[in-house]
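The sequence and structure come first.

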Amino acid sequence: MDISRFEDTIAATATLPGTGAITVIRVSGTDALAAVDRVVTFRRGTVASAPAQTIKYGTIFRNGAVVDEVLVSVFRAPHSYTGEDSAEISCHASPYISSEILRLLCEAGVRPADPGEFTRRAFVNGKLDLAQAEAVADVILSKTESSLRVAQNQLRGGYSSHLKDLRERLVEMTSLLELELDFSEEDVEFADRPKLLGLIDATLSRINRLTESFRYGNALRNGVPVAIVGAVNSGKSTLLNALLEDDRALVSDVAGTTRDTVEETLTLGGILFRFIDTAGLRETSDSVESMGIDRSYRKLSEASVVLAVLDLSRPEEENEAVITDIVSKVDFGHQMLMILLNKADLLSDNINVIDGYNNVSIAGNKSVMMHISAKTGSGIEMLKDLLIESQKGLSAESDETIVTNLRHYEALRKAGKALEAARAALASGLPSDLVAEDLRQANYHLGSILGEVTDDEILGRIFERFCIGK
Ligand SMILES: Nc1nc2c(ncn2[C@@H]2O[C@H](COP(=O)(O)OP(=O)(O)OP(=O)(O)O)[C@@H](O)[C@H]2O)c(=O)[nH]1
Ligand SMILES: [Mg+2]
């Protein structure tokens, strides 16, 4: 983005239009307070002369007619969200009123903000580092207490200080090695090799802990992925609807009803789950259906929990073939399998058919098998309890720094790779400038998370994802 755009004064609604009683319009930039004075009439004084952090009551007119009565909050640089002079106009939440006010502001020399521009300005003005800026979006989007806690920790800078600490260590190591280069004629070693190796190992293990936390962090932020898979017509979509208590997916007795995946999130026991209904598995010559089935397998492999839905009205051999196929695709190191014998309502009373499936060999404690009826709802509460139980760790209090952002995860992995290279170079006695270069690389990748070394294009991509008004 053209940096000179930051010299403009910008405005946008910061609240969702049409919901709630009040809309807040944010104005920020050197001309913000004067521009508001051109739009709002106050009984006494102006916002340009008002003390910081005060609220003034005023009226907005257009062609002599009242548009609305508003409250204006005044913020002065650098003590505002963006670090610039800013005002927030609270008006009644009519989309007409807010668009009129925005129009008047534009006539007064203000321009509409780009998506994420307020937060981007906060970043440029040093109010937030990049990880903190990204956390703003996470705080707004968080749906559970645990994901809010992680996002707030990142916003407050807990995560950033952890990374800064790691960077300082790297800089220290690099500068010792660089010192040696200056004295290379004299053949001295300032950096004690075994000590340096120990430091690299310690840093590496901290970076690895952070990358490992991503699986957990991703589940916190986007929901624990739960794939619903099985043969056509087994009742997968009926199960999704039963879990959500909503008619989310189409259900019919036509085999192959679901062709694409259908995803929906639901919070159970304080944990966010993302249920993914998939196309039924079967041999098919239909190319579109077959694309859907490829997708089902992909969702199966990405899930933390796999719900395999069997149809008890089908012959046992058929169901065993389905389970065998699914079991062969489950990675029991990372995934949990729940085999659901569906349509139990069709069985005569109290018949337990689970024993019939005993010859299906599956990895012991990473799987359960139970009867359900997606149609009548029997067994659904128990299934929910089992799901909560299987992810108990996710709602536990944790002071550990957790990575929830894919961009950070990738940067951390690159930093880890560079550190491993540094370690190998050091261990095999390569010259110190090569080791220093790897350390610098690692440092670069960590710095990119905080936005200390990030180029404009990456920044553009990050802030575009924000909504206008943030
Ligand atoms: N009796 C009974 N019928 C069920 C149950 N669950 C689903 N059905 C019926 O089975 C048929 C198929 O249900 P769907 O939910 O569309 O099955 P699906 O697995 O999503 O099917 P595809 O999308 O074609 O793969 C429908 O007629 C449902 O009403 C159940 O628990 N009991
Ligand atoms: Mg379906």
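## Domains

In this predicted model, the domain assignment divides the chain into domain 1 (3–127), domain 2 (139–217 + 402–464) and domain 3 (222–395).

Between domain 2 and domain 3, 6 residues of the former are in contact with 6 residues of the latter. On the domain 2 side, helix H5 (residues 145–156) gives the most, with 3 residues. By class, the residues on that side are 1 nonpolar, 3 polar and 2 charged.

## Shell around ligand 1

Ligand 1 is surrounded by 22 residues, and the closest are Gly 235, Ser 237, Thr 258, Gly 280 and Lys 375. Helix H8 (residues 236–244) supplies the largest share of the shell, 3 residues. The composition of the shell is 12 polar, 5 nonpolar and 5 charged residues.

## Nonpolar core

The largest nonpolar core contains 115 residues. Val 27, Val 36, Ala 87, Val 306 and Ala 308 have the most contacts inside this core. Helix H7 (residues 193–222) gives the most to the core, with 8 residues. In soluble globular proteins, nonpolar side chains tend to be buried together.

Val 306 can be followed in detail. With its neighbours within four places in sequence left aside, Val 306 is in contact with Ala 227, Val 229, Leu 300, Ile 326, Val 330, Gln 335 and Leu 337.

## Helix H1

Helix H1 (residues 32–39) has 6 of its 8 residues buried, so this helix is largely enclosed by the rest of the structure. The buried residues are Ala 32, Leu 33, Ala 35, Val 36, Asp 37 and Val 39. Val 36 also belongs to the group with the most contacts inside the largest nonpolar core.

The cover over the buried residues of H1 includes strands E2 (22–28), E3 (40–42), E4 (54–62), E5 (65–75) and E6 (86–92). Helix H2 (95–107) is also part of what covers them.

## Overall dimensions and contacts

The chain has 14 helices and 13 strands. Its radius of gyration is 29 Å, whereas a compact globule of 470 residues would have one near 23 Å. Taken along the principal axes, the C-alpha atoms fill a box of roughly 85 × 80 × 40 Å.

Of the 470 residues in the chain, 41% are buried. Among contacts between residues at least 6 apart in sequence, 67% join residues at least 24 apart.

Methods: Residues numbered from 1 in each chain as written. Chains lettered and ligands numbered in written order. Predicted model: local features only at pLDDT ≥ 70, side-chain atom pairs only at ≥ 80, totals over all residues. Domains from an automatic or database assignment. Contact = placed C-beta atoms within 7 Å. Helix = DSSP H or I, 4+ residues; strand = E, 2+ residues; numbered from the N terminus. Nonpolar A, V, L, I, M, F, W, Y, C, P; charged D, E, K, R; others polar. Near = placed C-beta within 6 Å. Core = buried A, V, L, I, M, F, W, Y, C linked by C-beta atoms within 7 Å. Buried ≥ 20, exposed ≤ 12 C-beta atoms within 10 Å, placed from the backbone. Rg over C-alpha atoms; globule rule 2.2 N^0.38 Å.
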